[in-house]
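Dear colleague,

Please find below the structure that I am handing over to you. A short account of the findings follows it.

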Amino acid sequence: MSEEKAYKILAKQKNISNNEAKELIDSGLVYAKGQKVMIARALMSENTKFSVEEMPKPSVIFEDENLIAISKPAAVTSEKISQIYKFPLLHRLDKDTSGVLLLVKNDDFASLAINEFKKMKVEKIYVAAVRGIMSEEVVVNEPILTIKNKNGAISKISKDGKEAISEISPLMVVGKKTLVKVAIKTGRTHQIRVHLASLNLPIVGDEKYGKNRANRMFLHAYSIALLNYKFKALIPKEFNTLGFELSNKFEI
């Protein structure tokens, strides 16, 4: 039985370009035999049948003359959001993180906002589903060192790193999983993922730091506040697949 790269088989099946097929796989939207296809160049049987989830769409939370606040779905990069709305990013979220993402519309506001980030005056609250039971609030004050290479970035707790503080508190426990709130003012690369993993509470679906798979990484940027603005994005319904049963009225 002959084999071919996964993205090439998908492109033929769906009558799309190789680049489009590769993007779908890289976005975590392609499944074969009930399993997510993780590597676009993986060799697979040419008879493999794929199923493709629909690409989630971003939505505008707020817009004025200074900024646009977007509710970013998981599986879409921050850079892609910037391309769609044609304004530069003020900050970034990991591809697999959903939630509030800000784009800036003028240089004056961008300068003011960047200064707020530098002075650690921006308040960010995230929600994460973690593996393990957490019963009381914990403050993790551990510096993070980030090493960047051609495959992206990887972070770790290190005395040589930059200050990173995460205030973590439990919201709800279901079985052996906990829904937690994480408040941060520092914004180190992969900060929340590394800090939670250091507590042996890895985020569900965080393959890099938690060594576990799921349909997505269950980390959501719930709210951000800066310069008299405050925005929030409702927790996505995917969190209910873990048993948390969050209604649209659930707020932190």
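At 43% relative accessibility, Lys119 counts as partly exposed; buried means under 20% relative accessible area, exposed over 50%, and partly exposed in between (1.4 Å probe, protein chains only). Its partner in a salt bridge is Glu116, with the closest N and O atoms 4.0 Å apart. A salt bridge here is a side-chain nitrogen of Lys or Arg within 4 Å of a carboxyl oxygen of Asp or Glu. Glu116 is buried, at 13% relative accessibility.

Please note that this is a predicted model, in which local features need pLDDT of at least 70, side-chain atom pairs count only at pLDDT 80 or more, and totals for chains, interfaces and linings use all residues. Residues are numbered from 1 along each chain as its sequence is written, and side-chain values use heavy atoms, with hydrogens and water left out.

The structure holds 11 salt bridges. One of them joins Lys80 to Glu23, at 3.9 Å between the closest N and O atoms. This pair links distant parts of the chain, 57 residues apart: Lys80 lies in helix α3 (residues 78–85) and Glu23 in helix α2 (residues 18–26). Helices are DSSP runs (H or I, at least four residues), numbered from the N terminus. Lys80 is partly exposed at 32% relative accessible area, as is Glu23 at 36%.

Another salt bridge connects Asp160 and Lys159 (3.7 Å, N to O), and both of these residues are exposed. Salt bridges with shared partners also join Asp94, Arg193 and Asp206 into one network.

Of the 252 residues of the chain, 45% count as buried.

With kind regards

Methods: Helices (H or I, at least four residues) and strands (E, at least two) are DSSP runs, numbered from the N terminus.
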